[in-house]
Amino acid sequence: MDKSELQKLQAFLRRSFGNDDIRVTLDPKNTENAAAYLGERQIATISVDDEDGDRSFAFAMKIPVGREVLQSYLRKLFENDRLSIVARARKTDSVELNSDGEFLGVISADDPKLSSFTLQIAILDFDLEEE
């Protein structure tokens, strides 16, 4: 990932989560990936997917809380009350994350007890275009 892509990813995540404190840099552990930070805390990794000729990015964030507090945890973390959890039809092991009613990504359970989750967001090239 080059500097321009990192800046575009950062702008996209700031818009999506409604938080200007999000920073995106190369991942110090794996320079093939990027890391998303909120303050000094690394909150997610971003990997590149250009297998099909189209360049896209996969955002993955571990969420160390149970289902019952998932929405309040994310709202508090990002300081954004517009984030909401929405049930998925016929799915009990995952939910959608929306911001102002707009789909952001899928939050899937990491274990059968629903005690931790992973947020996954597919970021396409056109998502990074300036608005």
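Predicted model: local features only at pLDDT ≥ 70, side-chain atom pairs only at ≥ 80, totals over all residues.
With strand S3 (residues 41-49), S4 pairs in the antiparallel sense over 5 bridges. Within this pairing, Asp49 stands opposite Ser56 of S4. The two strands form a hairpin in which 6 residues lie between S3 and S4. Gly53, located in the turn of this hairpin, has a positive phi of about 85 degrees. S4 is also joined to strand S8 (residues 117-124) by 8 bridges, and these two strands run antiparallel. Here Ala58 is the residue that stands opposite Ala122 in S8. In a regular strand, side chains alternate between the two faces of the sheet.

Most residues other than glycine have a negative phi. Glu79, although not a glycine, has a positive phi of about 50 degrees. This residue is found in the loop between helix H2 (70-78) and strand S5 (83-88). With a relative accessible area of 66%, Glu79 is exposed. Asp100 is likewise not a glycine and has a positive phi of about 55 degrees. Its position is in the loop between strand S6 (91-99) and strand S7 (102-109). Asp100 counts as exposed, at 53% relative accessibility.

Aromatic contacts were examined next. A pair of aromatic rings is described by the distance of the centres and the angle of the planes. The structure holds 2 aromatic pairs. The rings of Phe17 and Phe59 have centres 5.9 Å apart and planes at 40 degrees, so this pair is tilted. Phe17 is buried, with a relative accessible area of 0%, and Phe59 is buried at 2%. The rings of Phe17 and Phe78 have centres 4.1 Å apart and planes at 10 degrees, so this pair is stacked. This pair also links distant parts of the chain: Phe17 lies in helix H1 and Phe78 in helix H2, 61 residues apart. Phe78 is buried, with a relative accessible area of 0%. Through these ring pairs, Phe17, Phe59 and Phe78 are linked into a cluster.

A contact between a charge and a ring was also identified. The charged end of Arg23 sits over the ring of Tyr37, at 4.7 Å from the ring centre.

Terms used:
Residues numbered from 1 in each chain as written. Heavy atoms only, no water. Pairing = 2+ DSSP bridges. Helix = DSSP H or I, 4+ residues; strand = E, 2+ residues; numbered from the N terminus. Buried < 20%, exposed > 50% of the residue type's maximum accessible area, 1.4 Å probe, protein only. Phe/Tyr/Trp six-rings, centres within 6.5 Å; stacked < 30°, edge-to-face > 60°. Lys NZ or Arg CZ within 6 Å of the ring centre and 35° of its normal.
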